[in-house]
Amino acid sequence: MAKLTLTVNGRPWSGDVPEETSLLEVLREHLMLSGTKYGCGEGQCGSCTVLIDGRASRACVTPASRAREVVTIEGLASDGQLHPVQRAFIEAQAFQCGFCTPGMVMGATALLARTPSPTDADIRTALDGHLCRCGTYPRIIAAVRAASTTMTRERRRG
Amino acid sequence: MADDRRTAYKRRFDGDLEPESYEIVDILDTLTPDRRAFLATLGGGLLFLVTVRAQDRDLPVRVQVTDDGTYRAFTGKMDMGQGSRTLLTQAFAEELGVPVERVTLVMGDTRLCPDDGGTWASITTPQTVPVIRKAAAAVRAARTGGTDALTAPAAWTTLGRSIPNTTSLAIVTGAKTYPSDLRLPGMLHASLVRSPHHRAQLVAYDAAAVERIPGVRVLRDADLLAVVAADPGTARRAASLVTATWTPAPLRPQNEWPARFKATAVAPVEQPTARYPPLLRRGDVEAGLAGAARRLSSTYWVPPIAHVPMEPRAAVADWRDDAVTVYGGSQAPFLVRQEVAQALQVPEARVRIIASDSGGGFGGKQRGECEVEAARLSRLAGAPVRVAWTREEELTCSYTRPAGLVDVESGVDADGRLTALRFANYNSGAAGLAPQYDVPHQWVGHYRATAEVRQGSYRSLAAVANNFALESHMDEWAAALQIDPVAFRLRHITDARLRQVVEQTAARFGWGATPVGQGRGVGISCNLEKDARLALCVEVAVRGTDVRVVRMVATGDFGAALNPDALLNQMTGAIIQGMGGALWEHVDFDTTAQTTRRLSRYRLPRFRDVPAMDVQLIDRRDVDAAGAGESPITLTAPALAAAVFSATGRRRRSLPLLPLRDAAP
């Protein structure tokens, strides 16, 4: 067992978990944050994407011991306000089953933090590690584009 | 479970159902104790039990008016992402005469919901929606004293509108609870000790290394061997320490499958009332072929492929007091109830299935393998047990879309019109057999065959293989006769709506105006499947052995678009999903085992693959709505194969199309 100390969605958490436990398992089984999904366990599908120190990371292949500051889908909305990326996904109905959506939203959020006005090619490249078996890719690209526009406008307004 | 029971269950919902009459069987408020208990489970109010009669069948509908005046409606249909939750909510709301916000849909709980069939074959729209509308209108009439007539399409306020997915907020916030998210107090996590083989019997096992670990238990029921523990990581690590000896069943090499299918083929007989009639005959195909000016024969092949829903199967079973409740995500909760009851040898009344919206199904979650495993283990453990398949289990313990061989032989007259078509599908299925073309002499049939690997439902099932074969064959004829592929198709299409769809698609695409050759190619496909009229034009760029899809233009006429935006989402997604089976997907086996075991070894469509897309609908408000979850997937493979031919002059008759190196010239 290893003693683990993390900050998840702004709140400190500590606990004992077996060595090499993945961040995904800690989130889902210890913190009971089930919004981060298991899809493949080998970093192929992006369903488990969270932000670690601001970077989009695959929680299923990240040992929990390597994470410090984690933001999950549950921590993205603030003060009851959805993040612009979340709003854009609803507006574009950029999902079908919705299982990949939390990971997609986190991946897109990380992209827009780094590249506020991405081209479609930037979006495709950034999200290429995310699978959507329902095939909603064109809507997701549109949603990320729309979120980028909204965020740029909101920044200008200050 | 025996396949004949599945077949019998499915047959109950075969055929088109036009609601003829209804009866409000009962209105539950102050009734017998067990009914009161039932109502108490529902939270009180007034419960309408309605039976809708359609073609000698009685279909049950339940609607509850709760104490706060909102409605709860119940259905055994499931939502795996195809939008049935929102659509059926719309159907109830439209005829109850209330906004969608006033209706909550309870799906997939076999205790609360009526058995209105499984979620398959795109029948929710054409079959369930009319039944629900009829019953909801009856409830409205009973409540208001007004008419029980259906709302005319022109007067729709909810149907026909692009109502957003009713779970949108939960989806984007991570709050939506999928089957794999469910936890029960005191629950144990199971990790199964699987044989590496496709089928095998457990001979012996050694769990000595595990039994000393505190909190870990080894459970065995026949060939089911599992370790359970309070957390999944402990269970998984312990399971990896168990050694087991298995006797595998041998598998023939995959290159022998075509011969095997033919050797075991059972000739079809006509069953005109079946959902998928296995034999369609018209005219005299022998005479037609004999009298043809030119003949052409081709053989097509589709390999087994995997569904790969993003959410691998998961179930939690709670066995107590000789009864079991299983939480899962099957597409067919009432069938799963049968399966669990049979596996545990208990009456169905002692099994309750509570299925929730799952993370994709595509036909892969019609059976209850995972639910049965959880139920068996819960009984052994004496505690709730969760079985959550890993991705490897999802790939290898499920079933694949059947491989299929299609032999096509046809003839044209001196004017280049198809006069005879013999079309024989081996093993993959009878779905989508009916040609969309008018050919005077036809023999179109599906030979059942024996496959050694597990195979089962898949989005549109054999309609992909059948349309790949038929449309590729049409393309071969167009090339042989040096006629434009669109013109050649139109020559044989009598359905006015399909003609319009093909013409509009070709026009928007700029068919005939797009340069081809030198690595660029265009292709078209169309289909009249499950009452939908569909066409797709594609442009590809071929580089070496690879193909990039440049753009796609598609049109769908599904009759009335009950939720146009959701329909477009389905159609677009199905075409994109079809790229996987067309270009890359195949599941491989060796002499005992499936060798395709990881997502990293199974190429699926990704962001980088998605072309520019223009997908449009023709919305015919006054025409009965067709289901849309499946049929568009049948367009992709033949259009891409035609485009590859257009670009390279090489005809590829088996899927997947890539890599291109072994394509026949």
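Predicted model: local features only at pLDDT ≥ 70, side-chain atom pairs only at ≥ 80, totals over all residues.
The buried residues of helix α4 in chain A pack against α3 (101–114) and α5 (137–157) of chain A. Those residues are A:Ile123, A:Ala126 and A:Leu127, in a helix that spans residues 120–127. They cover an arc of only 85° around the axis, which puts them on the same side of α4(A); the arc is that of the directions from the helix axis to the C-beta atoms. An α-helix has 3.6 residues a turn, so residues three or four places apart point the same way.

Residues are numbered from 1 along each chain as its sequence is written, and chains are lettered from A and ligands numbered from 1 in the order in which they are written. A residue is buried if 20 or more other C-beta atoms lie within 10 Å of its own, exposed if 12 or fewer, and partly exposed in between, with C-beta atoms placed from the backbone. Two residues are in contact if such C-beta atoms lie within 7 Å. Helices (H or I, at least four residues) and strands (E, at least two) are DSSP runs, numbered from the N terminus.

Helix α2 of chain A comes next. Its buried residues are A:Pro84, A:Val85, A:Gln86, A:Ala88, A:Phe89 and A:Ala92. Their cover includes α3 and α5 of chain A, together with α5 (168–173) of chain B. A:Gln86 counts as buried because it has 26 C-beta neighbours inside 10 Å. Leaving aside neighbours within four places in sequence, A:Gln86 is in contact with A:Leu76, A:Ala77, A:Val105, B:Val172 and B:Thr173. After α2(A) comes A:Gln93, with a positive phi near 45°.

Now to where the parts meet. The contact between the chains takes 42 residues from chain A and 46 residues from chain B. On the side of chain A that touches chain B, two or more residues each come from α1 (23–30), α2 (84–92), α3, α4 and α5 of chain A.

Within chain B, an automatic or database domain assignment gives domain 1 (3–171), domain 2 (179–249 + 313–388) and domain 3 (264–305 + 400–662). The centres of domains 1 and 3 of chain B, taken over C-alpha atoms, are separated by 35 Å. Here 21 residues of domain 1 are in contact with 24 residues of domain 3. On the domain 1 side, α4 (B) gives the most, with four residues.

The table sets out the make-up of two touching sides; Ala, Val, Leu, Ile, Met, Phe, Trp, Tyr, Cys and Pro count as nonpolar, Asp, Glu, Lys and Arg as charged, and the others, Gly among them, as polar.

| Domain 1 of chain B, touching domain 3 of chain B | 10 residues | 10 residues | one residue |

Finally, chain B has an open sheet of four strands in the order β20-β21-β22-β23, with mixed pairing. Two strands pair if DSSP finds at least two bridges between them. β20 (520–529) and β23 (612–617) stand at the edges, each with a single partner strand, so one side of each is left without a neighbour in the sheet. Six bridges join β22 (546–557) to β23 of chain B, and these two strands run parallel. B:Arg551 has B:Ala612 of β23(B) as its bridge partner.
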